[in-house]
Amino acid sequence: MLENIEITSPFWRERQQTIARQMIPYQWEVINDLQHVDIAVTNTGGDSSALDSDKSYVVENFKVAARKKQGDPNPGKRGGMVFQDSDAYKWLEAVAYTLECQAALELRHKADQLIEIIGAAQEDDGYLNTYFQVNEPERKYQSLYMSHELYCAGHLIEAAVAYTKATGTTQFLSIAKKLADNIDAHFGPEEGKIHGADGHEEIELALLRLYELTHEERYLKLATYLLLIRGQDPDFFGAQQRRDVALGRKSLIPGLEIIHPDFKAPYFQSDKPVYEQTEAKGHAVRVVYLCSALALGAALSGDERLKKAADNYWRNIVMKRMYLTGAIGSSAHGEAFTGDYDLPNDSIYGETCASVGLIFFAHYLLRAQQNGAMGDVMEQALYNTVLAGMNLDGKGFFYVNPLAANPYLSQVNPGLRHVLTRRPGWFACACCPPNLARMVMSLGHYVYHVSNNVIYNDLFVASTARFNLNGAHLTLKQSTNYPWEGTICYEVPQAEQSFTLALRIPQWCEHFTVQLNGETKADYQLEQGYLKVQLQQGDKLVLTLDMPALRVAADPRIDADYGKQAVVRGPIVFCAEEVDNGPNLQCLHLGADLEGHYDPNLLGGVYVIESHGQRRTMQEPSLTVASPLYHKAQPLHYQAQTIKLIPYYAWCNRAEGEMRVWLNPMP
Ligand code: FUB
Ligand code: ZN
C-alpha cells in the first residue's frame, strides 16, 4: 500500500498552494458569510429569486439546527439549497487532504471548530440534515427523490474518513458513524425499513470508504443494499413525488414543480436495476457517483452484478458520451446526459462536479482492473475540465464548462444562459468549488495504486512516495516536468526488496522509450496499457513519452465536431481565445503547422501552440454590412492569420471573450 506521498511537481504544487492558501480560506469566509460575495444564481435549476444572493448560510444552518435541538423556540432562519450542508462537508474534506500535505494549523483549528458545530447539530439518534431538522422534521426520509439527505450524509462520511486518516482524531468519525448507523436503522431489506435509496447517489461510495477504514461489515452490506435496491421499483421516487403533491408539500428546489419532466426515473438512474443499465442516463453527477460506488463496491464485495453495471456505464460514457476535455453531461435540462454522440460544444453542461466524479469512477475501476485507458480518462478530466473549473487565482469558479463560448450569445440566448463566460466568486448551488478543492488537494491519492504487490503509476506527477509492500518498505521518487514535458525519471533511493513498477503508457503517445540504469530496454510488452519493469534499490528508470502537438478529429457521428479539428499535446487540450485571435473564432482555419513553446510569463506559465492558419475574410461582396444574410455560394476569401492556442484549463483568465476548442482545418 501507499503509505504517504509528497508532491514536488511545480505544476501541481502551485495549484495546491493556491487552493490551500487562497481558495480554502476564501471558501471558509464564504461558508461562514464573513465577506460579501456576489452569489451567481444561474444554476439553481429553479427560481433563483427564492434564494438570497449574498449569503451562503452554510455554517449558520448548523448553528440554527443546534439551537433548535436545544429547544430554542426562535433558532433563526435556515437558508440556501436543501443540500447546503454538503458544502461544509466538502470544505472539511479539502482541509483533510491539505493536512496530509502540510501542518496548516489555522485551517486545522477552523476545521475542528466546524466539526464541533456540526456535532452540536446532530440529533441524539444520529440524524443530521439541517433542512429537515429546522424546516420540515415530519418529512425526514420521505422525499428521497430530492431530499439529498443521504447525499449530504455521504459527503459528511467521506469528509470524516479523510479527516480521521489525516489527523488521527476520531470526533468527526464518531459523528459519521452515528449518522451511518441512523441510515442503517432506516434503510434495508427488513420489514418496516425503507426499501429504496437517495435520489442523489453519494452515500454508497461514502459507506464503502467508511468500511475500508473501519472494516465494519455493516457498512459494506448497507452500501451494497443501496446500490442494488436502486431501480428494483422504478416507481419508488414517483410514488414519493405523488404523495408529496397530495400532501400539499412544497418543492425542495424552490420554483421547480415536484412532478417535472426532468425528474422522472431515468434522471435518478432508477428506471431499472443497476445491473440492467446499459446507458448513462439522467443527471450526470448522480451517474458518476453511482458508478464510482459500483466500481469500488465490486472490488470490495466481488459482486458480479456491480461489476457488470460499472463496466456497462464505463463503455457507454467513454465511447459515446464524453467530451474531449473529459466533460460529461450534454444538457442543462436536468444537468444530464442525453444520447450517444450528442455532444454540443456551446450548450453543453459539463459540470465540474461531473468530471470530478468521472475521475473517481476511473480511479476505482482502475484499482480493480488495472486498465491504463482508465488512467487516460482520469488525466483527461483532471487537466482539462476540472482545472478549468477554477480561476488561476483560486477565487472564481466555473460550474459549466463549454468547449465553445460567446459572451454575447450567453446573454441573448436563454438556451445558453447557463454557460458563463466569467467565473463567479460563488454559486447559490455551490457544489463545484469545494468539490474541485477536495479533488486537487487529494491528488496524491491518484498518482499510484497498488494491486497484487505491483505499484501502478497512474498519473505522472513529480513526487516522493513511500510504499509498504507486504511489510517491505520502499521509497520511489518521480521527477518530471509533466504536463509540459514527457520525460519521467524514477529513482529508488531505498527498497527493502525488489518490486514491480507498472508505467501507464497513455493512448495519445505514439512513441516512447524506457531506459533502466542507462540501458535502453526494448523487451517490454504492454499489458492493458501498462509497461511493467522490475526495480530494486539504487535503480534509475527513465520513461520518455513523445509529446508532440497533435490534431484530433472526432467520430463523425458527433455532429457538433464534424469536419473540425482540435489540438492536444499530451493530456492538455488547447483552445483559441478572442483575446489572442480576435472575434468570430468560427472563421479560423488551422494551418498545416503546429509550433509550440513554453511561455513562463503567460497565465502562470503555459505551453502555447501557434499555427500559421487563415481567417475567412468579411471582404467578399456578399458579406458587407448591407448584404443579405444568405447569398449564392461562391469561392471564399481568406487572409493569413497566426492562430494562437492556449491550454483549455487556462481560458477566461484574461479579457472576457469568445473561446473555442474545435476549429476548422485548412480550407
Ligand atoms: O444536487 C446536488 C448537486 O447540485 C449536484 O450534484 C449538482 O449537479 C447540483 O445540482
Ligand atoms: Zn457541481
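Student: What geometry does the site of the zinc ion (ligand 2) have?

Tutor: A note on the source comes first. This is a predicted model, in which local features need pLDDT of at least 70 and side-chain atom pairs count only at pLDDT 80 or more, while totals for chains, interfaces and linings use all residues. Residues are numbered from 1 along each chain as its sequence is written, chains are lettered from A and ligands numbered from 1 in the order in which they are written, and side-chain values use heavy atoms, with hydrogens and water left out.

Tutor: Ideal angles for four tetrahedral donors are 109.5 degrees. Four donors count as tetrahedral if all angles lie between 85 and 135 degrees. Here the angles among the four donor atoms run from 93 to 120°, and the site of the zinc ion (ligand 2) is tetrahedral.

Student: Which residues coordinate the zinc ion (ligand 2)?

Tutor: Donors are N, O and S atoms within 2.8 Å of the metal (3.2 Å for Na, K and Ca); water is not among the atoms, so sites may look incomplete. In this case Glu351 (OE), Cys353 (SG), Cys431 (SG) and Cys432 (SG) coordinate the zinc ion (ligand 2) at 2.0 to 2.3 Å. Along the chain, these donors have the spacing E-x1-C-x77-C-C. Cys353, in helix α14 (residues 352-369), and Cys431, in the loop between β4 (426-427) and α17 (432-441), are 78 residues apart, and the pair links distant parts of the chain. Helices (H or I, at least four residues) and strands (E, at least two) are DSSP runs, numbered from the N terminus.

Student: Is Cys353 buried or exposed?

Tutor: Buried means under 20% relative accessible area, exposed over 50%, and partly exposed in between (1.4 Å probe, protein chains only). Cys353 counts as buried because its relative accessibility is 2%. Cys431 is also buried, with a relative accessible area of 6%. By contrast, Leu409 in helix α16 (residues 407-412) is partly exposed, at 36% relative accessibility.

Student: What is the order of the strands in the open sheet of five strands?

Tutor: Two strands pair if DSSP finds at least two bridges between them. The order is β5-β6-β10-β14-β13, with mixed pairing. The edge strands, β5 (448-451) and β13 (526-527), each pair on one side only. Within the sheet, β6 (residues 454-457) and β10 (residues 499-504) pair in the parallel sense over four bridges. Tyr456 stands opposite Ala502 in β10.

Methods: Four donors count as tetrahedral if all angles lie between 85 and 135 degrees; four count as square planar and six as octahedral if opposite donors are over 155 degrees apart and all others between 65 and 115; anything else is irregular.
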